[in-house]
Amino acid sequence: MIAEAGLAALWLAAALCGLQLVFGVMALRSDSSGAVSAIRPVAIVQGLLTMFSFAMLVWLFMRTDLSVELVAANSHSAKPWLYKFSGTWGNHEGSMLLWVAILALSGSLVAMFESRLKERTLTATLAAQAAIGLGFYAFLIFASNPFARLSPAAPEGRGLNPLLQDPGLAFHPPTLYVGYVGLSIAFSFAVGALLTRDVGPTFARAMRPWVLASWIFLTIGIAAGSYWAYYELGWGGWWFWDPVENASLMPWLAATALLHSVTVLATRDALRAWTIMLAVVAFSMSMLGTFLVRSGVLTSVHAFAVDPQRGTFILGLLILYIGGALALYAMRVGTVREGAQFEFMSREGALVANNLLLTAILGIVLIGTLYPLGVEAVTGEQLSVGPPYFNATAGPLALLLVAAMAVGPLLRWRRDRWRNVMGRISLPVLIAALALMALVLLTSPIGILPMLGLILAAGVAAASIAPLWKRNLRRTPLFIYGMVVAHLGIAVSMAGMAFESAFSEEVLVAATPGETHEVGPYSVTFDGTRPVAGPNWTAVEGGLTVQRGDGEAFVLAPQSRMFSSPQTETNEAAIRTAWNGQLYTVIGSSDGAGRSQLRLWWKPFVTLIWLGALLIALGGLLSLIGRVRRERRTMEREAWA
């Protein structure tokens with residue numbers, strides 16, 4: 001009865017979602033007070049029912065109920081409990097139910113806690129959210145039912161994709177989905193504001209926490225996915241420009257632009273129409289990512305290979321929601337009053353430049369991702385657009401973006417003077433010049449992009465803390481600290497990317513036992529291989545004795561694993577992390593003559609990439625807490641006034 005209870009809750013939630021939409025339309029057409037007062041509890045109960053439905057699916061996976069088709073296809077009784085739990089969303093149907101559960105829960109939270117918007121605008125927002133949810137409920141119930149039964153029950157499950165049998169599965173997809181759904185809330189706020197002609201600072205202040213929370217989770221999710229792929233796939237890279245990687249990057253780029261734009265609208269009442277457009281674009285990118293991953297049009301280790309008919313369903317939803325929002329924007333943008341004016345030499349001007357560069361990078365990534373699909377659909381020819389295109393086109397723009405980001409916080413709002421700006425940026429420029437001098441004098445020649453990246457990273461690191469100069473640090477608002485930490489995180493990540501690109505060393509050999517090879521500061525001796533067995537896999541494990549200079553030797557044990565259900569071979573890298581980088585080792589196949597393929601990398605300061613990402617997310621969290629606190633104090637003062 002667990003599956004039936006989950007499906008019944010899903011049907012009830014879908015019915016309430018339809019009722020929420022009806023109440024919203026009634027309230028907007030007739031200003032019905034009854035409909036307005038009813039829409040909040042309906043949204044809350046809908047969220048609770050959907051979370052209950054998802055909890056039932058988790059229960060089915062944890063007990064390995066092989067009478068449920070989804071469990072039989074994606075689980076196994078011998079699988080460790082962590083992968084039974086995370087395997088709930090390690091498939092198409094379960095991941096979509098998680099997506100919808102987070103969507104419904106977010107709508108419930110808006111209904112419970114949002115008090116800044118006018119009642120009519122909030123009602124329109126919840127109606128827009130219900131319109132989004134209704135399409136995905138229909139998709140789940142009619143095209144991707146996660147609770148479908150098998151008769152008779154399967155004797156054993158087929159197991160989870162071995163590439164997904166990693167703790168990263170428990171962390172990476174949920175954080176990304178929270179980020180995606182946060183953008184749906186921002187989209188609903190934008191649609192609600194357009195419907196009620198209520199685009200202004202109050203609307204922006206209400207939307208900003210959702211955009212910021214979405215951006216934080218997207219940052220964490222992308223960083224977690226990058227590190228997961230880095231150590232799991234065994235190819236030694238942290239970003240491959242895989243189409244599904246791009247599918248998560250594009251919403252982040254749009255959300256970053258939206259975050260800066262909504263801040264200008266909330267604090268300076270400018271960029272009204274542009275903020276609305278970015279909210280639509282950001283959700284469009286999350287919908288596009290959903291389509292790419294689940295449509296079957298991509299071949300990727302990240303993608304779910306599903307029936308293309310489901311992809312057509314999602315494509316229809318994408319066209320309906322985004323097309324409808326763009327049509328509404330076209331009809332109502334003329335009613336959006338122009339915001340406050342500002343000069344180009346101002347913080348608003350820097351944020352506009354930031355937005356334009358982010359949008360240009362987004363366009364480059366979008367074209368590079370979709371162009372091969374378009375060519376294949378029209379001509380049948382298969383093309384590949386890889387790192388050379390993205391690095392050559394997006395790389396220079398990213399450097400310009402970071403430079404603009406460094407200067408922006410040093411400018412004044414509304415208007416500033418060149419002379420004053422030059423004085424404020426003199427120290428960051430000096431530090432960047434010193435970094436250039438150190439690179440020229442102390443290192444061998446490196447590529448132009450890595451060199452510029454290291455120089456800019458040094459300058460941005462100095463510029464990021466400049467907003468704290470001459471401030472009383474105890475009285476500095478928390479969101480200022482958040483901005484400082486996030487921008488510092490950008491500098492740290494950029495330094496890690498540049499160091500890894502410029503100074504990595506790689507050794508690829510067919511090694512016999514007893515051979516020693518040098519890579520970076522390490523001497524690596526191959527001791528041979530031995531068979532090992534895990535809970536649901538067997539492996540050939542390589543033994544490597546490693547020594548750094550005169551330091552104490554240690555052992556690394558990379559593996560080549562074979563899973564039987566389903567039958568798949570994977571590489572498990574063995575990694576040693578030091579303060580200044582990582583030694584990355586992979587064991588490959590044997591040639592039958594006692595030699596094994598051995599791949600060794602020395603990656604200096606590569607961990608700065610993910611440390612910087614954590615700082616970026618921490619900065620976002622500090623900003624979110626600071627903004628929410630300030631808004632709460634403002635509302636309390638207004639209530640007492």
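Me: Which strand is Thr529 in?
Reply: Bear in mind that we're looking at a predicted model here. Find residues 522-533, and you'll see Thr529 sitting in the strand they form, β3.

Me: Is Thr529 buried, partly exposed or exposed?
Reply: Its relative accessibility comes out at 41%. Buried would need under 20%, and exposed would need over 50%. The value falls in between, so Thr529 counts as partly exposed.

Me: What is Thr529 in contact with, leaving aside its neighbours within four places in sequence?
Reply: Contact here asks for heavy atoms within 4.5 Å. With those sequence neighbours set aside, Thr529 touches Val540, Glu541, Gly542, Ile587 and Ser596.

Me: How far apart in space are Thr529 and Leu60?
Reply: Along the sequence, 469 residues separate the pair. In space, going from C-alpha to C-alpha, Thr529 and Leu60 are apart by 39 Å.

Me: What should helix α7 span, and how far apart are its end C-alpha atoms?
Reply: Helix α7 covers residues 172-196, which makes 25 residues.

Me: How many residues of α7 are buried?
Reply: Buried means under 20% relative accessible area. The helix is mostly covered, and of its 25 residues the buried ones number 23.

Me: Which helix gives the largest share of the lining of the largest cavity?
Reply: That cavity holds about 70 Å³ of space. Helices α1, α2, α5 and α6 each supply at least two lining residues. The largest share is 4 residues, and it comes from α5.

Conventions
Residues numbered from 1 in each chain as written. Predicted model: local features only at pLDDT ≥ 70, side-chain atom pairs only at ≥ 80, totals over all residues. Heavy atoms only, no water. 1 Å grid on protein atoms, 1.4 Å probe; cavity = no way out; pocket = protein on both sides within 12 Å on 5 of 7 lines; lining within 4 Å. Points joined across faces, edges and corners; volume = space filled by probe spheres on them. Expected span 1.5 Å × (residues − 1). Buried < 20%, exposed > 50% of the residue type's maximum accessible area, 1.4 Å probe, protein only.
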